[in-house]
Amino acid sequence: MTTSSTAKSDNLSTVNTESQYTASSINTFEDNQDLSVSSLSGSSSSDVSASFNTSPYITSPAIYADFNGDGNNDKFWYNTETGETQVWLMDGSNVSSEANLNTMATSSFTIGDFNGDGKTDIVWQNQQTGEMTMWLMDGTSISSEASLGTVDTGFSDYSISDFDGDGKTDIFLRNQTTGENVIWVMDGTSIQSSSTLENKDSSWTYTMGEFNPNFTNDIFWHNTETGENSIWFMNGTTATETALDTFGAGWDYKVGDFNGDWTTDILWTNSATGENTLWEINGSQANATTLDTVGTGFESSIGDFDGDGTMDILWHNQETGESTVWIMDGGNVSKVELGNSGAGMQATVGDYDGDGDTDILWRNSSTGDNYVTLVSNDGNYTTTPVATLSQEWVTF
Ligand SMILES: [Ca+2]
Ligand SMILES: [Ca+2]
Ligand SMILES: [Ca+2]
Ligand SMILES: [Ca+2]
């Protein structure tokens with residue numbers, strides 16, 4: 001595998017242990033833990049077939065892949081050696097439909113919904129030529145494929161967001177070496193406008209979010225050397241910068257709406273010490289709460305595991321297989337221990353059965369075995385093997 005040929009999503013680091021996830025290692029959530037849907041139905045015995053979640057982020061096909069728009073999150077796979085691609089439409093722990101799509105060698109990709117039809121699309125960058133290619137998706141088919149042109153290969157850092165709030169995902173391109181930043185406002189496979197924004201030198205990293213929230217998406221900037229933080233509040237291609245407190249030099253950060261106010265918050269993690277701090281953000285205000293420390297080696301995945309519209313955190317240790325879900329209510333945390341996954345498993349998350357609760361796909365990247373853990377509205381969970389794909393395949 002070449003390190004340059006990977007998907008751009010989170011949690012794609014590979015593991016190389018021999019252990020397997022076994023059915024016998026799977027427990028149920030502790031009986032006294034309440035993972036029921038509370039804010040939506042007022043009852044923990046609500047119809048488990050109900051397919052809703054109040055979070056616009058959890059249900060966004062630009063954030064969690066849904067290639068046919070049925071409300072069940074799906075899986076996309078990329079073979080880092082051959083460039084082969086595969087899509088799985090999920091129906092719970094069943095792969096209801098799968099297809100091999102075009103081969104895209106030496107490329108990176110990310111998802112979005114560039115035509116705003118509620119079905120996840122894919123944008124590619126060829127890391128050798130800089131050519132950008134878009135696939136508008138319809139289930140297991142590419143309904144439209146187009147070249148977006150070629151960028152300088154220095155712009156290998158790109159992400160998606162909806163900067164003008166029209167429901168069609170746009171593209172942000174950054175040259176991490178020179179600090180140059182460019183926005184492409186998209187309408188399907190057409191670049192409506194291209195704008196160069198202010199330079200941010202290579203000590204800055206960023207993530208996308210919705211920090212006001214007016215649904216023109218914004219950019220959070222963090223200076224890894226000085227700990228300076230700021231937000232670009234976006235309105236189309238116009239950025240208005242607001243400085244936040246200085247914090248977290250050398251810390252990692254992830255985004256999620258952990259208090260359900262539709263404003264993106266920041267989870268800070270110090271991977272050396274295991275310390276965590278939550279920033280609940282409202283415009284230019286960041287309310288900091290120190291959270292518990294997790295052991296080193298734990299990685300976070302963000303989802304809504306109790307389906308209440310506020311995002312939660314799956315902590316998973318790939319070496320030991322330990323997993324804990326933190327059910328979040330702002331800075332208040334209820335912890336739920338998951339069974340041990342077995343060592344060497346990589347977790348990715350999505351709502352694969354469409355019941356509003358985020359589920360987990362475990363992948364053993366040594367053996368290529370995959371398992372889906374479905375979280376149900378009553379707080380129980382079940383784990384089922386799904387198809388195996390050899391180790392050079394990655395997913396997000
Ligand atoms: Ca689409
Ligand atoms: Ca929030
Ligand atoms: Ca939640
Ligand atoms: Ca679910």
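Start by selecting strand β21 (residues 312-317) together with strand β22 (residues 323-329): the two pair in the antiparallel sense over 4 bridges. Strands here are DSSP runs of E of at least two residues, helices are runs of H or I of at least four, and both are numbered from the N terminus. Two strands count as paired if DSSP finds at least two bridges between them. Strands of a sheet pair through backbone hydrogen bonds, either parallel or antiparallel. Now pick His316, and you will find Ser323 of β22 standing opposite.

A word on what you have open: this is a predicted model, in which local features need pLDDT of at least 70 and side-chain atom pairs count only at pLDDT 80 or more, while totals for chains, interfaces and linings use all residues. Residues are numbered from 1 along each chain as its sequence is written, with chains lettered from A and ligands numbered from 1 in the order in which they are written.

Follow the chain out of β23 and stop at Gly344, in the loop between β23 and β24 (345-350). Gly344 is buried because 24 other C-beta atoms lie within 10 Å; the cut-off for buried is 20 or more, exposed means 12 or fewer, partly exposed is in between, and C-beta atoms are placed from the backbone. Draw a C-alpha to C-alpha distance from Gly344 to Ser366: the two are 22 residues apart in sequence and 7.5 Å apart in space.

Then go to Leu278, in strand β18 (residues 276-282). Leu278 is buried, since 23 other C-beta atoms lie within 10 Å. Leaving out residues up to four places away in sequence, Leu278 touches Phe258, Asp265, Leu267, Thr289, Leu291 and Gly331; a contact means C-beta atoms, placed from the backbone, within 7 Å. Ala288 is 10 residues from Leu278 in sequence, with 5.6 Å between their C-alpha atoms.

Most residues other than glycine have a negative phi, and most peptide bonds are trans.

- Thr106, in the loop between β3 (94-101) and β4 (107-112), has a positive phi of about 45 degrees. Thr106 is partly exposed, with 14 other C-beta atoms within 10 Å.
- Trp262, in the loop between β16 (252-256) and β17 (265-269), has a positive phi near 70 degrees. Trp262 counts as partly exposed because it has 15 C-beta neighbours inside 10 Å.
- Asn212 and Pro213 are joined by a cis peptide bond, with omega about -10 degrees. Pro213 is in the loop between β12 (204-209) and β13 (218-223).

Around Ile122, beyond residues up to four places away in sequence, look for contacts with Phe76, Phe109, Ile111, Trp135 and Met137.

Finally, zoom out. The chain has 28 strands and 0 helices, and 44% of its 396 residues are buried.

Definitions and conventions: Contact = placed C-beta atoms within 7 Å.
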